[in-house]
Every structure is written in structure tokens, then in C-alpha cells.
Amino acid sequence: MNTTRRVNLKGLLKLGLSFILTFGLMMNLSAETKENPNSRRKPIKVLIVGGNASHDFEKWYKEVDAATLERNGLAEVTYTEDTDNIKDYLDTIDVLFLSNNKPINDVATREAIFAFANAGKGIIIAHAGMWYSWRDWPEYNKELVSGGSRGHNRYGKFNVDLTEVKHPVTKGVPAHFSLDDELYYQKVDPAGPGIEVLANASTEGSEVFPSVYIVKHAKAKIVGIALGHDAASHELEAYQTMIRNAVKWAAK
């Protein structure tokens, strides 16, 4: 074999080896993406706000919901109960997750939340955050919640029925499921922007109330989720799927 043929053979061997290595790397990356579809994405930055009475905010929002959202790298979650300093985080997050019934008294913080919404950002209003908590701030319920709750059933079992199974927020959620929670008497404010109902809650023979919905805000992407009192919600796969979906949808 002459020198030229030996060089060509070596070149072919190197090219073949390079192809095998490249192909193997591509297959590994493909398998990683299929196993973990969020592994190649930048995490969504979420601020969860909790605090005040009647709920274990630290357990269910700071610990369980944060872990649910951070699973597979979907989100990077910060939790606070310092409601008057929410404004300090808003420039660095994609989604504001309000679960608190602790008052937001600081005027600058209130204005910053509305500016965040008007900038087209994502907001999740969850459980206690949907309550009519502040008489001196009616704009919160009117504009961001498009209504609210002033009462609920005694804690116990009720049904949740999807009205829209194809929306990104309800993707992968069972069309019907039951759980123990507080069935919020969620009412729509006719003066608000209105809502698109994704799921209703009811017990047999009772009035039907919106339980999961989109607020038709002119700019912000807002999801209302009335579920969330304790473990029966937060550890339920349907709930976990919804809050992950909601954060993804609101962040876009």
C-alpha cells in the first residue's frame, strides 16, 4: 500500500469515527429531551406570594408548589410573605403567583403589580388570593381577579369538571375529578374584564361555580385557580399539572 492510500485510509477512519461520535451525541441529546422536555429550556422565574391566616402557606406553597413547579427545570421559584416588597422582585420575574390573603398595603407595591399586568406579564391568582380581602383596594378584585369569593362550603369533597379540555392550562388534566377542598363561591364582577371558564366546581344539586379560569385582561395573561387549601389539592396530580401548565401559559 503506497503512502497516498495509507493517508486516505486514515482520513476515512477519522471521518467515520467522527460521524459515530457525533451521531451518538445527537441520540443522547434527543433521548434527554424526550425524557425531560424542559432540560434545554431556560427556567421560568416565578415569585410565589403567601401569608396570613387559615392556610399553611409555607408547607403547601413554599415547599410543595415550589417543588412541583421546579420539577424537571420548568421554573425557578422564589417565595415571600413580605407583601409590601413584591415590587422589588417584579423586574426579575416572568410570573407573579399570588396565593396570599395577607394585605398588600404599600401603595407603590400595588401600583407596581398593576404596571406588571399592563406590561403583559403573567399572573396566577390562587385560592386565598381570589378572596375579597381588601375593601380599600377594590381594583384588585375587579381588574385582576374579575370577581372573587366571599364564602365557601365547609371543607369536604366536591367535583371539578373541565369546560375546556384543549386549553393549554387544562392539557393533560382529567375532564372530571373529585377532591376534598374548600369549594369557593366564586362570582364574576360584571364591571371587570370578564373570564373564560376552564373548569367548574360543584357538589350534587348545588350551584356551579368557576374554579379554574382565564381573566380577559387587556394585556396580562392571568389564570385564576380556586383550588388549594391543603394536601388534598397540592399533592393531587391534576392540580400539579394545572399549575405547571398555568405558569407555562402565563409566561409566554
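This is a predicted model: local features need pLDDT of at least 70, side-chain atom pairs count only at pLDDT 80 or more; totals for chains, interfaces and linings use all residues.
## Helices H2 and H6

Helix H2 covers residues 57-70, and helix H6 covers residues 237-251. The two helices pack at an angle of about 70°, and their axes lie 9 Å apart. Angles of 65 to 115 degrees count as roughly perpendicular, and H2 and H6 are therefore roughly perpendicular to each other. The crossing of H2 and H6 is right-handed.

On the H2 side, the contact is made by Tyr61, Asp65, Thr68 and Leu69. H6 contributes Tyr239, Gln240, Ile243, Arg244 and Val247. Sorted by class, this contact between H2 and H6 holds five nonpolar, two polar and two charged residues.

## Helices H3 and H4

H3 and H4 cross in a left-handed sense.

From H3, the residues in contact are Ile113, Phe114 and Ala117. Their partners on H4 are Glu139, Tyr140, Glu143 and Leu144. The contact of H3 with H4 has five nonpolar residues and two charged ones, with no polar residues.

## The largest pocket

The largest pocket holds about 270 Å³ of space. Its lining consists of 13 residues. Nearest the centre of the pocket are Arg41, Asn245, Lys248, Trp249 and Lys252.

Which helix gives the most to the lining of the largest pocket? Helix H6 does, with four residues. H6 is also the helix that packs against H2.

## The largest cavity

How many cavities of 30 Å³ or more does the count give? The count comes to one. The volume of the largest cavity is about 50 Å³.

The residues that line the largest cavity are Phe158, Glu182, Leu183, Tyr184, Ala201, Phe209, Pro210, Ser211, Ala226 and Leu227. Strand S10, which spans residues 209-215, gives the most to this lining, with three residues. In the lining of the largest cavity, eight residues are nonpolar, one is polar and one is charged.

Methods:
Residues are numbered from 1 along each chain as its sequence is written. Side-chain values use heavy atoms; hydrogens and water are left out. On a 1 Å grid over the protein atoms alone, a cavity is a set of points where a 1.4 Å probe fits but cannot get out, and a pocket is an open set with protein on both sides within 12 Å along at least five of seven lines; lining residues have an atom within 4 Å of a point. Grid points are joined across faces, edges and corners, and a volume is the space filled by probe spheres set on the points. Ala, Val, Leu, Ile, Met, Phe, Trp, Tyr, Cys and Pro count as nonpolar, Asp, Glu, Lys and Arg as charged, and the others, Gly among them, as polar. A crossing is left-handed if the near helix is turned anticlockwise from the far one by less than a right angle, and right-handed if clockwise. Contact means heavy atoms within 4.5 Å. Axes are lines fitted to C-alpha atoms, for helices over the stretch in contact, and angles run from 0 to 180 degrees between N-to-C directions. Angles under 35 degrees count as roughly parallel, over 145 as roughly antiparallel, 65 to 115 as roughly perpendicular and the rest as oblique.
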